[in-house]
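Here is a friendly briefing to read alongside the model. Keep the viewer open and follow the topics in turn.

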Amino acid sequence: SNSLTPSESDWIWMNLGGFVPSSFSYCVVEYAQSGIRCNGLDATVSHCTLRHCTQGAYCLNASPTIEYCDIYDNYDGIHVFSNMGPALPVINYCNIYGNADYNLRVVAYPEPGVTIDAENNWWGTDVEAEIQQEIRDSTDNPDIYATVDYTPWWSDQPVDASTWSRIKNLFMN
């Protein structure tokens, strides 16, 4: 945002779409409607910080790989929508926590039996009931069809020098 007082949805999104695979690494994305929007493309998002957005990442009929990212202080951390078949994002080794509505929200899947791989993430807690409460999938609404596989999960937030947030954390402890 270029606003003197930035706020959520100051700008729309960075759209990863088209026919050429895209990747974002070591980016800080803030104050967007959808920080990074994967639109029908199998993109890679790694070592990024997505915060202060309506959706940190928005996956529309896409199967991106989202890894080693910090996704927090958004309305929804990751928003997954597929109405054209089993697009399967892979979300691993991320810190996904402190988002206002859901850490991971699945909206629609037309085919039953779809499982989204969201293993080995830190969800802000190590209590399974609290993790599940922050994930919206077929366990909340059987008409969604997709289930999020979040086990195993990290029991503590890792300190890894691969993102700016984690580098700052090294000096805060």
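His52 sits in the loop between strand 6 (49–51) and strand 7; strands (E, at least two residues) and helices (H or I, at least four) are DSSP runs, numbered from the N terminus. This is a predicted model, where local features need pLDDT of at least 70 and side-chain atom pairs count only at pLDDT 80 or more, while totals for chains, interfaces and linings use all residues. Residues are numbered from 1 along each chain as its sequence is written, and side-chain values use heavy atoms, with hydrogens and water left out.

- Most residues other than glycine have a negative phi, and most peptide bonds are trans.
- His52 has a phi near 60°, a positive value in a residue other than glycine.
- With 25% relative accessibility, His52 counts as partly exposed (buried means under 20% relative accessible area, exposed over 50%, partly exposed in between, with a 1.4 Å probe and protein chains only).
- Tyr93 also has a positive phi, near 60°, and is found in the loop between strand 11 (90–92) and strand 12 (95–97).
- The peptide bond from Thr151 to Pro152 is cis, with omega near 0°, and Pro152 belongs to the loop between strand 16 (146–149) and helix 2 (164–172).

- Six strands make an open sheet in the order 1-4-7-10-13-15, with parallel pairing; two strands pair if DSSP finds at least two bridges between them.
- Strand 1 (11–17) and strand 15 (135–136) stand at the edges with a single partner strand each, so one side of each has no neighbour in the sheet.
- Strand 7 (residues 55–60) and strand 10 (residues 76–81) pair in the parallel sense over 5 bridges, and Leu60 stands opposite Phe81 in strand 10.

**Aromatic rings**

- The whole structure holds 4 aromatic pairs; rings of Phe, Tyr and Trp (its six-membered ring) pair if their centres lie within 6.5 Å, and planes under 30 degrees apart count as stacked, over 60 as edge-to-face and the rest as tilted.
- One of them joins Tyr68 and Tyr93, stacked at 5.2 Å centre to centre with 15° between the planes.
- That pair links distant parts of the chain, 25 residues apart, with Tyr68 in the loop between strand 8 (65–67) and strand 9 (70–72).
- Tyr68 is partly exposed at 27% relative accessible area, and Tyr93 is partly exposed at 31%.
- Tyr72 and Tyr97 are stacked too, at 5.4 Å centre to centre and 10° between the planes.
- Tyr72 lies in strand 9 and Tyr97 in strand 12, so this pair ties together parts that are 25 residues apart in sequence.
- Tyr72 counts as buried at 13% relative accessibility, whereas Tyr97 is partly exposed at 23%.
- Tyr68, Tyr93 and Trp154 form one aromatic cluster.
- Arg37 lies over the face of Trp13, 4.1 Å from the ring centre (a charge sits over a ring if NZ of Lys or CZ of Arg is within 6 Å of the ring centre and within 35 degrees of the ring normal).

**Cysteines**

- How many disulfides does the structure hold? There are 0, a disulfide being a pair of cysteine sulfur atoms within 2.5 Å.
- The closest cysteine sulfur to that of Cys38 is in Cys59, 5.0 Å away and too far for a bond; Cys38 is buried at 1% relative accessibility.
- Cys69 is in no disulfide either, with the nearest cysteine sulfur, that of Cys94, 4.7 Å away; Cys69 is buried, with a relative accessible area of 0%.
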